[in-house]
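Subject: Structure for your review

Dear colleague,

Please find the structure below, followed by a summary of what was found in it. I would be grateful if you could look through both together.

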Amino acid sequence: IAPTYNEVTKRLMGSRTRVMGLTATPGRSIANEDENRQLAQFFFNEILGIEGGQEGVLDMLRQRGVLAQTESVRLRTSRSYTLTPSEKEHLARFFDLPPGLLSRLADDDIRNIEIIRRLQEECERGGQILFFGCSIDHSKFICAMLTFLGIKAVHLDGTTNRARRQSLIAAFRSGTVLGVVEKGSAFDDRHQALGRRIQGMLLED
């Protein structure tokens, strides 16, 4: 739990105040039960969930149209990567790709060519795509290459100001641009193309 969130929330709590936490995800992480437990304890283990029945919550939300139906298609290349001992430790500890590996993935020209080719094919079929790059620079590079190919692409990351962010989201939802993002939850529909593995329970599912 972020220190600022922790401090502000505790200051709001009092004899005349009730605090309710809202979240778009059912927990912090699939792999880290300690974080899930800490979040639950922060709200005194008083959690109001959604009953999904035998089908499960995520499947139920998909059937109701709240979440999109997903189909995973892998982009296969001839490339292979070897992790250093420290990178293996990072992967085991945080259940996420280590920064060094993400940097090598972003700089792999052959992999990037395959990514761009697949994105171009999808756009030519009339699709709209959200691309999550390995880094901000990687996202900007992919965006620049798509623009060079004549595809209306934009870059969006955490430093994008609110007005421009809203403008880009509106343009994407109207079908006039292809959204290219580094990470985050600015969009919630259309196709997603992952240039890296994204943490988060809904994304991991």
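A salt bridge is counted where a side-chain nitrogen of Lys or Arg lies within 4 Å of a carboxyl oxygen of Asp or Glu. By that criterion, Glu-87 and Arg-104 are joined through their side chains, with an N to O distance of 2.9 Å. Glu-87 belongs to helix α4 and Arg-104 to helix α5, so this pair ties together parts that are 17 residues apart in sequence.

As to provenance, this is a predicted model, in which local features need pLDDT of at least 70 and side-chain atom pairs count only at pLDDT 80 or more, while totals for chains, interfaces and linings use all residues. Residues are numbered from 1 along each chain as its sequence is written, and side-chain values use heavy atoms, with hydrogens and water left out.

Overall architecture

The protein chain has nine helices and four strands (DSSP runs of H or I with at least four residues, and of E with at least two, numbered from the N terminus). Of its 205 residues, 32% count as buried; buried means under 20% relative accessible area, exposed over 50%, and partly exposed in between, with a 1.4 Å probe and protein chains only.

Salt bridges

The structure holds seven salt bridges. In one of them, Arg-79 pairs with Asp-108, the closest N and O atoms being 2.9 Å apart. Arg-79 sits in the loop between α3 (57-63) and α4 (85-94), and Asp-108 in the loop between α5 (99-106) and α6, so parts that are 29 residues apart in sequence are tied together. Asp-108 is buried at 5% relative accessibility, whereas Arg-79 is partly exposed at 38%. Arg-125 and Glu-122 also meet in a salt bridge, at 2.8 Å from N to O. Here Arg-125 is exposed, with a relative accessible area of 59%, and Glu-122 is buried at 18%.

Nonpolar cores

A nonpolar core is a set of buried Ala, Val, Leu, Ile, Met, Phe, Trp, Tyr and Cys residues joined through side-chain atoms within 4.5 Å. The largest has 11 residues, including Ile-115, Phe-131, Cys-123 and Cys-143. At least two residues each come from α6 (109-124), β1 (129-132) and α7 (136-148), with α6 giving the most, four. Apart from this core lies another, of eight residues, among them Leu-130 and Phe-132.

Yours sincerely
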